Each structure stands twice: as structure tokens, then as C-alpha cells.
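Hi everyone, thanks for coming.

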Amino acid sequence: MPTEAVSTPATAEQASRMVELCRKTLQDAERLDDWRGQAALDLAGRIERAFVDTGSAYAGLHRAYREAMQLALAGVGTAKSAPAGYRDEIAERRAQRQAGRG
């Protein structure tokens, strides 16, 4: 069965938005410097450069990107338990005291 080549994205402007939006999302979630965030960013760049690809290869890139973003953003925005919040507060106070600010 022959595969049909798909030209994507339609314009260079649309292409440049993929990495830009990925980077902003990861940066807002403080996950840009994490290996999972970098993997998602790498896939976004690969999708951007996929100007002519078979439909199944392009769909596969998007599936991999979606999974990478889910992994990179796992736990973002979830509420911390009270003990975890206390531990964070104690650690912050300890760091300030060691730095001579408290």
C-alpha cells in the first residue's frame, strides 16, 4: 500500500511556534532544565523540521511528543501534602539561616 507524503507545517511561521510554545510551557512549569523537558523540546524541534514526511511518521512524532510532555509535566500543579509543605518551609528557613539572612 503506497503511503502519501504529507507536507507539514503549512508555513515556516507555523513551524516556529511548536518549539516556542513547548519551551514556554516547560519554562512556566519549571521543567525546561529537566531531561524529560529537554526530550520534549527535542521532539518539538523534530516536528518543526518535518516539512515533508509520511503521515504515519508525522503522527508517530506527535504521539511521542505528547507522551514526552505528559512525562515532563507530571505532577505540575498538584497540591502538596501538609508534611511536604512543612519540609519545604523548614528547608527554606535552614538555607536562609546558613546564608546569614535569618
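I'll start with the overall layout and then go through the salt bridges.

Please keep in mind that this is a predicted model. The protein has four helices and two strands, and along the sequence they come in the order β-α-α-β-α-α. There are 102 residues, and 26% of them are buried. If we take the contacts with a separation of 6 or more, 64% are between residues 24 or more positions apart. The accessible surface is about 7,500 Å², with 53% of that belonging to carbon and sulfur atoms.

Now to the charges. Side chains of opposite charge can pair when their charged atoms come close. How many salt bridges does the structure hold? There are three.

Let's look at helix α1, which covers residues 12-28. Arg17 and Glu20 sit three residues apart there, about one turn of the helix, and their side chains form a salt bridge at 3.0 Å, N to O.

Lys24 is partly exposed, with a relative accessible area of 48%, whereas Asp28 counts as exposed at 55%.

That leaves Arg36, which pairs with Asp34; their closest N and O atoms are 2.6 Å apart. Arg36 is partly exposed, at 26% relative accessibility.

Thanks, and I'm happy to go back to any of these on the screen.

How values were computed:
Residues are numbered from 1 along each chain as its sequence is written. This is a predicted model: local features need pLDDT of at least 70, side-chain atom pairs count only at pLDDT 80 or more; totals for chains, interfaces and linings use all residues. Side-chain values use heavy atoms; hydrogens and water are left out. Buried means under 20% relative accessible area, exposed over 50%, partly exposed in between (1.4 Å probe, protein chains only). Contact means heavy atoms within 4.5 Å. Accessible areas come from the Shrake-Rupley method with a 1.4 Å probe; for residues, only the protein chains shown count as cover. A salt bridge is a side-chain nitrogen of Lys or Arg within 4 Å of a carboxyl oxygen of Asp or Glu.
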